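Here's a quick tour of some strands and rings. Have the 3D view open and follow along.

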2 protein chains.
Amino acid sequence: MNTLAVELNKTLEETVIFRLLSDFGKRFYFPKGIVSQSAEAKKYATRFNATIGMATLGGKPMHLNSLKELIPGLPPEQIFSYAPTPGNPQLRELWLDEMIRKNPSLAGQDTSLPLVVSGLTHGISVLADLFAGPGDCVLIPDMFWGNYSLIFEQRNRASISTFPFFNPQAGLNIEGLKDALNRVTGGKVIIMLNFPNNPTGYSPTEWEARALIQLLKEQAQKGLNILCVADDAYFGLFYEKETHKESLFASLASLHENILAVKVDGATKEELVWGFRVGFLTFASLNIKTGEYDALDRKVMGAVRASISNSNNLTQNLLLRAMQSPDYREEKKAALAILKERYFKVKEIIARLSPGSKLEPLPFNSGYFMTFSFGGSSTEKLRKKLLMEQGIGTISIQDRYLRVAYSSVDLHHLEELFEIIFKTAE
Amino acid sequence: MNTLAVELNKTLEETVIFRLLSDFGKRFYFPKGIVSQSAEAKKYATRFNATIGMATLGGKPMHLNSLKELIPGLPPEQIFSYAPTPGNPQLRELWLDEMIRKNPSLAGQDTSLPLVVSGLTHGISVLADLFAGPGDCVLIPDMFWGNYSLIFEQRNRASISTFPFFNPQAGLNIEGLKDALNRVTGGKVIIMLNFPNNPTGYSPTEWEARALIQLLKEQAQKGLNILCVADDAYFGLFYEKETHKESLFASLASLHENILAVKVDGATKEELVWGFRVGFLTFASLNIKTGEYDALDRKVMGAVRASISNSNNLTQNLLLRAMQSPDYREEKKAALAILKERYFKVKEIIARLSPGSKLEPLPFNSGYFMTFSFGGSSTEKLRKKLLMEQGIGTISIQDRYLRVAYSSVDLHHLEELFEIIFKTAE
């Protein structure tokens with residue numbers, strides 16, 4: 001094993017981080033190569049910096065004017081230069097500040113500094129590399145984003161184990177999670193907590209969130225090492241009063257020494273910039289020291305370096321600029337209000353049309369989507385019929401569920417949309 | 001194994017592609033999930049498209065005006081929307097057109113359509129996933145980019161085997177490559193061909209390129225299956241008359257049925273957009289049919305989906321816009337001229353200062369860099385001294401070599417830069 005990896009592992013060996021690392025995670029490190037020497041030169045090369053793998057002129061990146069003209073407000077180095085491997089330092093600080101503002105109970109708790117990844121998928125993929133390998137169990141509700149399977153199972157050869165998402169009372173199935181946790185062997189488990197959930201659009205209530213956290217704490221107390229991943233892709237899109245409105249990460253951050261909490265989040269949905277590919281990884285656990293967070297960060301940076309080198313610099317700088325704008329929060333609020341209005345409209349339409357129908361709505365209260373459970377034969381056939389005969393696009397899942405994204409249908413079309421869906425389903 | 005993977009493998013089983021795939025590569029596929037259903041809906045959902053994981057209003061992506069204002073010339077969908085998994089179709093076509101223009105001997109040869117990845121590292125990482133696993137041999141000259149080691153060895157557990165880059169006549173060591181190839185066992189090898197080379201700045205002459213291609217053909221004829229990766233990061237930065245000025249990909253594309261050629265290239269250096277993270281993967285082999293390229297593309301798309309979902313959309317669109325600008329080629333020429341002028345200056349300075357010095361320049365004729373072999377004790381110490389006492393940043397490699405990036409030092413500073421380097425080395 002590389003000596004740098006050995007050093008990092010030594011720093012981490014008493015922590016839950018080390019107990020959770022995969023073989024990949026154990027052998028990873030951030031090399032003392034070009035990038036690390038360049039970073040040093042950035043500080044001290046006051047005369048000439050001949051380390052940079054860029055073409056510069058007068059200390060600025062050379063560039064094509066046809067490109068520069070398209071982004072008149074940013075200086076060339078914010079448009080064309082490489083970003084640091086862990087991301088723009090100002091953006092990382094600001095993202096943490098905002099995280100605490102959006103999750104007040106995080107204040108005063110220790111976390112790592114959010115590290116930039118190239119969108120949430122990249123964040124999950126880096127986590128899978130560092131923590132999930134053959135023999136490891138990834139526990140998720142049975143309603144989940146399909147890419148979890150491609151990443152954890154196909155890519156990293158871990159085993160996904162599911163439990164029914166909802167209980168008979170149409171609430172979060174905490175008992176089901178408890179049963180699933182009790183079946184875990186080997187002392188290690190990875191749990192994906194994706195709220196608002198894709199595809200159902202469900203988020204836990206205050207009460208459910210408390211029960212979930214309590215359950216995880218009990219399991220940790222029994223000696224289970226748990227990587228709790230809060231996949232907060234749709235964070236903030238909460239529409240109901242009783243919904244828990246902080247990330248579960250805030251409740252997990254200093255819960256127990258056997259729990260490593262990770263927040264995977266990003267600008268993608270929160271800032272309405274799907275194609276920007278700016279995500280973040282933030283870690284927290286009870287009694288983790290700064291040097292230990294640093295050691296983990298070096299491993300994450302190694303995984304970033306070996307997968308993409310670094311994330312997009314322009315979109316990080318654009319995002320930073322927007323987040324510093326005085327209008328930023330008002331603009332976000334306006335977008336949320338539009339989605340919230342659609343949500344209540346959808347809820348009203350479905351309450352009216354679903355009784356007696358073959359389409360039974362699963363509980364939903366947040367995010368972009370709602371999902372029907374279908375009493376007919378095949379949602380794939382239903383999807384095709386809707387698409388080819390009615391010109392309506394929906395998503396079929398497991399041939400049993402139909403996902404409808406009201407995030408991408410205007411308010412005044414919702415009535416017509418759902419009427420056709422219900423009619424076609426009969 | 002997933003049935004989609006089984007189908008793809010069946011399509012590929014008679015080809016060199018299948019013979020070269022790693023276990024990861026064999027089990028990968030592009031899922032028929034949300035992305036593929038959304039793509040279908042994009043075509044046929046003429047009334048409402050409720051598949052999209054985006055928030056739209058009036059058919060356009062919702063967005064923050066603080067962001068939109070920074071890119072006044074592009075419509076919102078080119079700034080904020082997701083890019084397709086394999087990249088912007090127009091950009092892919094245009095990149096191929098440009099590739100043929102820059103490599104005239106490619107004209108008339110069959111290749112796959114360039115597939116967008118998030119920068120060259122991501123391209124190499126995807127290739128490593130699909131083709132390199134434990135037991136596989138990756139053959140590279142002993143002067144190579146350090147990230148090859150992190151990717152192939154640490155990430156994918158393949159074995160890197162090196163041979164001396166230069167022969168005693170200060171030319172490309174074709175004999176050394178031949179010896180190394182003769183030592184390969186197991187009938188499969190991956191060769192990284194990185195020209196202009198990082199760190200040396202060397203590219204083969206016309207004669208060397210021909211000899212190299214001839215050698216690879218002979219090895220393929222003997223039954224060796226070869227993945228030839230043309231890492232063209234610095235493509236086009238050729239400064240000498242006798243240098244081979246096409247990518248080796250063009251000579252490898254239809255060389256032999258046992259050779260799969262891949263071109264990893266990108267806008268990063270070619271278009272002076274280091275932080276844009278737009279790279280491309282293009283495949284070619286003799287007698288590969290369209291359906292077989294398609295099957296390989298589905299596997300690449302699966303690997304892209306499982307690592308980053310999709311690449312940055314804004315920078316793809318900016319790049320497309322710039323490449324369509326009437327000034328594009330002239331702007332590129334001007335940048336090349338600046339680097340070329342520096343190259344000849346560096347060459348002249350070094351010819352003057354190096355005789356009798358402890359710093360011996362390795363052959364260089366292209367790219368961003370030149371590298372010294374150091375006759376003293378440690379280039380790491382030399383680097384530190386240059387940095388801390390002289391404010392000059394350089395890169396130390398293997399404690400024996402010193403890399404100097406003249407790409408990032410202006411012409412009128414080069415004399416002073418090298419004088420100090422030579423003086424400090426004594």
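Is A:Phe24 buried or exposed? With a relative accessible area of 9%, A:Phe24 is buried, because the cut-off for that label is under 20%. Keep in mind that this is a predicted model.

**Ring pairs in chain A**
- Over all chains, the structure holds 40 aromatic pairs.
- Take A:Phe24 and A:Phe28: their ring centres are 4.2 Å apart and their planes sit at 10 degrees, so this pair is stacked.
- A:Phe28 is buried too, at 0% relative accessibility.
- A:Phe166 is buried at 16% relative accessible area, and A:Tyr202 is buried at 6%.
- Ring pairs also tie A:Tyr239, A:Tyr343, A:Phe344, A:Phe364 and A:Tyr406 into a cluster.

**Strand β15 of chain B**
- Five of the five residues of β15(B), residues 401-405, are buried, so the rest of the structure largely encloses this strand.
- B:Tyr401, B:Arg403 and B:Ala405 point one way, while B:Leu402 and B:Val404 point the other way.
- β15(B) pairs with β12 of chain B in the antiparallel sense over five bridges, and B:Met370 stands opposite B:Val404.
- β14 of chain B also runs antiparallel to β15(B), joined by three bridges, with B:Ser396 opposite B:Leu402.
- In the hairpin of β14(B) and β15(B), B:Gln398 takes a positive phi near 55 degrees.

**Charges over rings**
- B:Arg403 lies over the face of B:Phe369, 3.6 Å from the ring centre.
- In chain A, the charged end of A:Arg403 sits over the ring of A:Phe369, 3.6 Å from its centre.

Technical notes:
Residues numbered from 1 in each chain as written. Chains lettered and ligands numbered in written order. Predicted model: local features only at pLDDT ≥ 70, side-chain atom pairs only at ≥ 80, totals over all residues. Heavy atoms only, no water. Buried < 20%, exposed > 50% of the residue type's maximum accessible area, 1.4 Å probe, protein only. Helix = DSSP H or I, 4+ residues; strand = E, 2+ residues; numbered from the N terminus. Pairing = 2+ DSSP bridges. Phe/Tyr/Trp six-rings, centres within 6.5 Å; stacked < 30°, edge-to-face > 60°. Lys NZ or Arg CZ within 6 Å of the ring centre and 35° of its normal.
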